[in-house]
Amino acid sequence: MYQDKIEALKREIKRTYKRYMEETADKKATLLDLAKFFNIPVEESRIEDYVVKSFDEVTPFIEIVDERNATSYTATYTGNAELLNFSGPMQFNCVISTSPIRKEEVLYYIGSEAPIITRMTFTEGEYELVFEREMPNSVGGIFINDGIKMAVRYLQNLVYDGKNVKQSLLNKIYENSYRNEKIDDTFEQIYTYGRPRFVKWNGSQDKYISWKDNHVIYGINELNQEGFSNYLYGICFESTNVPIRDYFPLNLREKDYPLLKDEDIYSAMIFRFGQGDGIHHSFQAYKDKEAIRVMYHSEKRHYGKNDYHKEILADEEYRLPILSEGTITSQEIKTISSSLQARLGSNANLDIMLNELNTFGTKMDIKNGTVQEEFDPLSPKHFIHQSFDEICHLISTNKEKYFQLISEQFIDAININVTLEKEKSKVLKPNNIQK
């Protein structure tokens, strides 16, 4: 909205507030008019329950209290969009409502009734469970989000270096991007901690999956645990006929894998991983119309005072027959895993990589409907189209249960070796269960 229109709106707010203060007979109706300027929801049928506690015509700012439900609403016209980490000229209305049950923050463009982003927070002791939905927007003229994004977050409030801070513990994101009013790309991510890290940690992960043109892309920005896996990065393309650069993980470089540009390659799987004792591994597998090409390299790097050398532990390159035409299948991924185990034997780091490779295969099976996806009550995709009133009712009536669940999910996410053992023992059921 242009600044002159905002100034005109501010003058109208000032006149409405003056009328509210002067009126006696129709004071509550004027309160309703005043609340609309600030996107504060007021139930007209019980308008007598609402009171204006404070007002600033310069900012503008208002505080309205729903005395029956013990809910306080504050709204501020501002250029600071903290929910989007953006600051610029005044163009936003930031509405915060606080009740005994939850805190809700909603950001609007001034004069618009459609939220840009909404965040609802539930608190249990020092921990927070947060639900956040961002709608398509281009804040500040910079293209930011072309889809609907839902996030579920788990945070801890603590004191660090004498200051109150929030430590992100677990984040789950689900996003649908659209083109011509149809879903063009679906993205899902789970990651622990994020930056900055105010607590001691010994395990973390950052994984994501996209569905593009009905093909799965599975990536790993980070996977590590002290004493078990120093790092693991990876990317798996069911089909390489996608904009590869858009999906590459943070710690891998597309230019290091020239076969990705080969037009004869249908599918690709790439991992780099290592241990804290100087052992590093790399894995690549590519499928074309004739075979599956597998490359595996492992080396130990020795760092002496005046000497540095590499000890080659394994260097395998071989081909496997394809089992079907077209892109890679989960059955072909199983043959890759079996062939590597037969050649290299079983070891902890190889098992981690193979587990991620098999996860990629399982994601394809879920997409194809041959395997049933495990139900996660706190998956953001279950909430992406739910109203925040529905989310509030669901969580508030089962608060202890949901905080316990998110805590267990966080513990699983940072204990990579324990999670790996669970994955090994898991039996996936065919997707033929009657609901």
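Author: Happy to! Buried residues make up 49% of the 435 residues in the chain, where buried means under 20% relative accessible area, exposed means over 50% and partly exposed lies in between (1.4 Å probe, protein chains only). This is a predicted model, in which local features need pLDDT of at least 70 and side-chain atom pairs count only at pLDDT 80 or more, while totals for chains, interfaces and linings use all residues. Residues are numbered from 1 along each chain as its sequence is written, and side-chain values use heavy atoms, with hydrogens and water left out.

Reader: Thanks! How many helices and strands are there in the chain?

Author: The chain has 8 helices and 17 strands. Both are DSSP runs numbered from the N terminus: helices are H or I with at least four residues, strands are E with at least two.

Reader: And what box do the C-alpha atoms fill?

Author: Taken along the principal axes, the box is roughly 85 × 50 × 50 Å. As for contacts in the chain with a separation of 6 or more, residues 24 or more positions apart account for 45% of them. Contact here means heavy atoms within 4.5 Å.

Reader: Which residues in α1 and α2 meet?

Author: From α1 there are L9, E12, I13, T16, Y17, R19, Y20 and M21, which meet K27, T30, L31, D33, L34 and F37 in α2.

Reader: Nice. Jumping to α6, which residues are buried there?

Author: In α6 (residues 388-396), the buried ones are F388, I391, C392 and I395. Seen down the helix axis, the buried residues of α6 fall within an arc of 100 degrees, so they line one face of the helix. That arc is the one of the directions from the helix axis to the C-beta atoms. D389 and H393, on the other side of α6, are exposed.

Reader: What covers the buried residues of α6?

Author: The cover includes strands β5 (103-109), β6 (115-124), β7 (127-134) and β8 (147-160), along with helix α7 (399-414).

Reader: Since you mention α7, is Q409 in there buried or exposed?

Author: Q409, which is found in helix α7, counts as buried at 18% relative accessibility. Leaving aside neighbours within four places in sequence, Q409 is in contact with L170, K172, D376 and L378.

Reader: I also spotted K287. Where is K287 found, and what does its side chain reach?

Author: K287 is found in strand β15 (residues 279-287) and is buried, with a relative accessible area of 0%. The side chain of K287 reaches the backbone oxygen of G326 at 3.0 Å. Beyond neighbours within four places in sequence, K287 is in contact with a list of residues including D264, Y266, I322, E325, G326 and E332.

Reader: How about another lysine, K334: where is its place?

Author: K334 is in helix α4 (residues 330-344) and is partly exposed, with a relative accessible area of 45%. K334 and V130 are 204 residues apart in sequence and 38 Å apart in space, C-alpha to C-alpha.

Reader: Changing topic: which peptide bonds are cis?

Author: Here are two. The bond from T59 to P60 is cis, with omega near -15 degrees, and P60 sits in the loop between β1 (50-56) and β2 (61-66). A cis peptide bond also joins R195 and P196, with omega about -5 degrees; P196 is in the loop between β10 (182-192) and β11 (203-212).

Reader: And what about the phi of A70 and of D161?

Author: Most residues other than glycine have a negative phi, and most peptide bonds are trans. A70, not a glycine, has a positive phi of about 50 degrees; it is found in the loop between β2 and β3 (71-81) and is partly exposed at 48% relative accessible area. D161 has a positive phi too, near 55 degrees. D161 is in the loop between β8 and β9 (163-179) and is exposed, with a relative accessible area of 70%.

Note on methods:
A polar contact is a pair of N or O atoms within 3.5 Å; within protein, one must be able to donate a hydrogen and the other to accept it, and residues adjacent in sequence count only if both atoms are side-chain atoms.
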